[in-house]
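Dear colleague,

Please find below the sequence and structure that I am handing over to you. My notes on what was found follow directly after them.

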Amino acid sequence: MTSSGATGTMRLQRVEPLPLAGAEQQALREVWGQTLVELAADYPELVVLDGDLANSTRADIFAAAVPDRFFEMGIAEQNMVGVAAGMATLGFAPWLSTFAAFMANRATDQVRIVVAQPHLNVKMCGGYTGILTGKTGKTHQSVEDIAIFRAMPGVVTLAPADGVELRSAMRAMMETPGPMYLRVTRDPSPVIFPDNYTFQIGPGVLLRDGGEVGLIGTGVQTVRVLEAADMLAGERIAASVLHLPTLKPIDADAIVTLAERTGRIVTAEDHSIIGGLGSAVAEVLGERRPTPMRRIGLRDVYGESAPNDYLLEAYGISAGHVAAAAREMIQES
Amino acid sequence: MTAVETRPSLDDLRRMSVQARKLIVQAIYHAGAGHLGGPLSAADILVALYFDQMNVDPTNPDWPERDRFILSKGHSSIALYTVLAMRGYFPVEELNTFDAAHSRLQGHPDMHALPGLEMSTGSLGQGLSPGLGMALGAKVRGYPFRTWVMLGDGEIQEGQIWEAVFTAARYRLDNVTAILDYNGLPQFGWPQAGGFTRETPIDDPGAKFRAFGWHVIECDGHDQTSIREAFDAARVFTDQPTCVVAHTVKGQGVSFMEGDFNWHAKVPSDEQLAEALAELDAQLAAIADVEAA
């Protein structure tokens, strides 16, 4: 299903996504818990440390299946990070289970000192990323986690789009030593990748190929970017869709290639536009190929507790917002 | 089982402690930066650990079953570097590179920079948690090693310490020993009527560890007899983690530094260096006299 190259200057990993209509729905957290169990069989060094949220993050699936490698650390995330670092020095590969807000914000200094600086093999997972977190409100939503981890030298930062990509990404995380942060989401979302898709740390994935505007998504927001591309196609606007599941190291060549091909870039993320995907893309283009762009994401605000549909509209991150930004750019030029 | 087949005499330990203090004062003078008060309060304990207690092999620093030591109060790094050098992990002359560009002896310990360092520390309150991870991992793997973590009494104001203290008791990690360098002097202190108090940051820390489910032993952190008794007891205690509350004096061994918070991080002048070394040489001579008698 993966093929290299495309038209003209495009030389990107190309994957044809599954149709959105009638797509299977999977909650990434469920896949995360199940995949940990699968990986445990292949990787005896894998252990899971939980901050008393296992039945929310779905680390409880692992706890039930592999109880002797599950360690409850209680509501004490800072200590949990330190314990993981200590275990990593013995050759364990600890995976951490908590919400993204606590992983990124509560234990930032612990990650900095005992994980990022010594570059230890700790897999930091943030469940409940973004603002679609089950009506928890701003305290439990996470709109700065990409910015925080991306700023830490040496920390690989990942945001898979669906359950298939998440499962493959988790295996890649086990195959590659070093500190990593993984974004996981709470609610069911469409499966867009075919079963035979293989995730690689780093490369972007071209999901649609169109010359008028380049849409870039990360995480499950890429699904809404595909919806936006479909809306634009209905208006005879040809949009490319580039999915960047790796926020760091960012696939700068793919971004530049897309900018060269389309001349217009729209980024979309379930995160603040400050420090996240939009910033990362702007950094690349600013240095290598200045290109007009729009960033779709939270505009320097925190969220609130409300239903998902309301949040997507109120905070301007729906598929419609992505399509509107692309439309405006085309009309302006 | 101890590291060394034949344990050093208490006078050997005393002599090495004074020698460590001389090297510490010289290194800080040479670097023109660093901390002195805390390293001097920790010197006897570190000598006891590396020469009398810990099961380590400097020629094979990555040996999986070695005892682990974490200096949670990472700003006392020069004391740890000094004792590691004396123990044979690297040349003593390298102490003169402390804090210099490209030195393996970073201002705060970098676990990948220098053999013998088990964890990077420096941001206070963080060293006990990795110690628990090592102890927990040892239990899982069936390794017999012990993990020792030295805490400063100032840094136990950090909340993470008490997260770790709670968790260690919960997992009954009897293979971890916390050593509290209870020198009683923080860098700045707490405001109170009439000015600032430099009194101990946390009163009766032993009672607090005990309340969290730890076994607590108090000792004189400058008396090798007392230290040996405490650490020997800690090594054989089972079913609970042990905290050794070592009563110490900041700046111990140099009279004009002792108990003076100004020497937390201060570089001695030429005259002060000479005076400090003369005092320490006198202490070495006194140990020799006792032995000769």
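In chain B of this predicted model, helix 1 of chain B packs against helix 3 of chain B through named contacts: B:Met16, B:Ala20, B:Leu23, B:Ile24, B:Ala27 and B:Ile28 on the helix 1 side meet B:Ile78, B:Ala79, B:Thr82, B:Val83 and B:Met86 on the helix 3 side. Helix 1 covers residues 10-31 and helix 3 covers residues 77-87 of chain B. Two packed helices are described by the angle between their axes and the distance between the axes. Here the axes of helix 1 and helix 3 of chain B come within 9 Å and cross at roughly 125 degrees. The crossing of helix 1 of chain B past helix 3 of chain B is right-handed.

The next topic is the nonpolar core. The largest one has 196 residues, and A:Leu215, A:Val322 and B:Val244 have the most contacts inside it. At least three residues of this core come from each of domain 1 (2-20 + 196-332) and domain 2 (25-190) of chain A. Leaving aside residues up to four places away in sequence, B:Val244 touches B:Thr177, B:Ile179, B:Leu180, B:Ile217, B:Cys219, B:Ala230, B:Phe231 and B:Ala234.

Finally, the contact between the chains takes 21 residues from chain A and 21 residues from chain B. On the chain B side, helix 4 (128-141) and helix 5 (159-170) are the elements that give two or more residues. Helix 4 of chain B supplies the largest share of that side, nine residues.

Yours sincerely

Definitions and conventions. Residues are numbered from 1 along each chain as its sequence is written. Chains are lettered from A and ligands numbered from 1 in the order in which they are written. This is a predicted model: local features need pLDDT of at least 70, side-chain atom pairs count only at pLDDT 80 or more; totals for chains, interfaces and linings use all residues. A nonpolar core is a set of buried Ala, Val, Leu, Ile, Met, Phe, Trp, Tyr and Cys residues joined through C-beta atoms within 7 Å. A residue is buried if 20 or more other C-beta atoms lie within 10 Å of its own, exposed if 12 or fewer, and partly exposed in between; C-beta atoms are placed from the backbone. Domain bounds come from an automatic or database domain assignment. Two residues are in contact if their C-beta atoms, placed from the backbone, lie within 7 Å. Axes are lines fitted to C-alpha atoms, for helices over the stretch in contact, and angles run from 0 to 180 degrees between N-to-C directions. Helices (H or I, at least four residues) and strands (E, at least two) are DSSP runs, numbered from the N terminus. A crossing is left-handed if the near helix is turned anticlockwise from the far one by less than a right angle, and right-handed if clockwise.
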